[in-house]
Amino acid sequence: MILSGVAATLLAGLPELGERMAVRIRAEVDAYRDESLITLDSLRRSCTANADLILTHLRLGGTPDATSARVTGRLRAEQGVPLADTLHAYRIGSELLWTEILGEARKRPEVSDGLLLTESTEFWALSGVYAEAVAVAYRETAAELTAKGRARRSALMEALFTGVVTDRTLWEAGRELELPEHGPYVVVAAKAGTADEDPVADAEAALRQANVPSAWRPAPDEQLGLIALPTAAAEAACLRVLRRTRARVGVSPRFTSLRDVPQGLRFARLALAGQEGTGPGVARFDENPLAMVVAAAPAEATHLMERVLRPLLDLPAAERARLLRTLEHWFAAGGSAAGAARSLFVHPNTVRYRLRRVEELTGRSLSDPRATADIGVALLTVRNSGRLGDA
């Protein structure tokens, strides 16, 4: 080849050439100045190997061997050097190498400018082939690392939610999931309106934008989230984001240790199960703990409902609906007949008459706190069963 002698000469001084390339790249590319990302020795070895790759091809010809270029791409992806900076560094190295080739070639009378122009085209085409090899290897490695990172994050989330953790697991989970070492935290359980819909597709990004750390994991029929709430502002931002989703969301009480994630998950699911209505919304366990307790013990709550409200539930549909609806509004108004009447758009005496009817049917006085508590729990159970929708 025309530049075979030039390449041979430069190969003889390859260590010094690799050193110069490394120093130039380190001076001109920001990411390569960070010793924690890439050491000067690693950069020097990479520059030397890639210069050897091109010079050997110029000396011997044959099919280009992109092995060193692929190694560079893979290594930079593993080191976390951005791809744009990796390719920029490769261009700087190629430019310096071509400058060295030109300098050596001009010492040789047999190498004319016309020949150099031809060789220039071949050199840059070859450099492009190797740069593409760097990029392909980088992207493949980055994809592998991303998949492994997701799998590891998923495994750590599973360990937290199931409680299968050690002190080391807790430390690793906090670091890998980018959560603070200490709480408070909350657990979120979310369900979508349809099976093929991600209920909180944009929540993680929105929380990150609001500086609220979170980690998410899909589970059968739901999405589970672990959210850190370091400030009152973070909690308010979290609730705003969750309320903008199209999901039904249950939120646990706050807790301080990652060891308590399994209990937080139970409370979040109870909040979700005890949520009123059928549409999207956010239910916090702490906002209605009695409803959460009812959701936690459905069999026991159903038994209580049967004992307390069976005579009322056996009424014809229209009368049953009126009495259940009146009870619901009366409880919502804090036991005020006048308040219930306003929300029902009826006269307060109508409310009082219906409440007396409830007392007659159940044999329980609404002025007795214990009886009122029984009726309240039974009414929550009716609501959770969906039968209140008939009212």
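**Close-up views, one by one**

**View 1. Loop with P184.** P184 sits in the loop that runs between α7 (167-176) and β1 (185-191). What kind of peptide bond joins G183 and P184? A cis one, with omega at about 10°. The helix and strand labels come from DSSP runs, numbered from the N terminus: helices are H or I runs of at least four residues, and strands are E runs of at least two.

A quick note before going on: this is a predicted model, where local features need pLDDT of at least 70 and side-chain atom pairs count only at pLDDT 80 or more, while totals for chains, interfaces and linings use all residues. Residues are numbered from 1 along each chain as its sequence is written, and side-chain values use heavy atoms, with hydrogens and water left out.

**View 2. Two loop residues with a positive phi.** N211 is not a glycine, yet its phi is positive, at about 60°. Look for N211 in the loop between α8 (203-209) and β2 (214-219). N211 is exposed, with a relative accessible area of 64%. (Buried means under 20% relative accessible area, exposed over 50%, and partly exposed in between, using a 1.4 Å probe and protein chains only.) F345 is not a glycine either, and its phi is also positive, at about 60°. F345 belongs to the loop between α14 and α15 (348-362). With 77% relative accessibility, F345 counts as exposed.

**View 3. Helix α13 from end to end.** α13 covers residues 317-332, which makes 16 residues. From first C-alpha to last, α13 reaches 22 Å, close to the 22 Å expected at 1.5 Å a residue. (The expected span is 1.5 Å times one less than the number of residues in the helix.) Which residues of α13 are buried? They are R320, A321, L323, L324, T326, L327, E328 and W330. After α13 comes G334, with a positive phi near 70°.

**View 4. Where α13 meets α14.** The axes of α13 and helix α14 (residues 337-344) come within 8 Å and cross at roughly 120°. That makes α13 oblique to α14. On the α13 side, the contact is made by R325, T326, H329 and W330, and on the α14 side by A337, A340, S343 and L344. Sorted by class, this contact of α13 with α14 has 4 nonpolar, 3 polar and 1 charged residues. The crossing of α13 and α14 is right-handed.

A few terms for this view and the next ones. Axes are lines fitted to C-alpha atoms, for helices over the stretch in contact, and the angles run from 0 to 180 degrees between N-to-C directions. Angles under 35 degrees count as roughly parallel, over 145 as roughly antiparallel, 65 to 115 as roughly perpendicular, and the rest as oblique. A crossing is left-handed if the near helix is turned anticlockwise from the far one by less than a right angle, and right-handed if clockwise. Contact means heavy atoms within 4.5 Å. Ala, Val, Leu, Ile, Met, Phe, Trp, Tyr, Cys and Pro count as nonpolar, Asp, Glu, Lys and Arg as charged, and the others, Gly among them, as polar.

**View 5. α3 against α6.** Helix α3 (residues 40-60) and helix α6 (residues 113-162) have axes that come within 11 Å and cross at roughly 135°. α3 and α6 are therefore oblique to each other, and their crossing is right-handed. L53, I54, H57 and L58 of α3 make the contact with E122, F123, L126 and Y130 of α6. By class, that gives 6 nonpolar, 1 polar and 1 charged residues.

**View 6. α1 against α3.** Helix α1 (residues 4-12) packs on α3 at an angle of about 145°, with the axes 7 Å apart. Which way does α1 pass α3, left-handed or right-handed? The crossing is left-handed. S4, A7, A8, L10 and L11 in α1 meet D52, L55, T56, L58 and R59 in α3. These contact residues divide into 6 nonpolar, 2 polar and 2 charged.

**View 7. A51 and its surroundings.** A51 is part of helix α3, and at 1% relative accessibility A51 counts as buried. What does A51 touch, leaving out residues up to four places away in sequence? L14, L17, M21 and L97. A51 and S94 are 43 residues apart in sequence, with their C-alpha atoms 8.0 Å apart in space.

Technical notes:
The expected span of a helix is 1.5 Å times one less than its number of residues.
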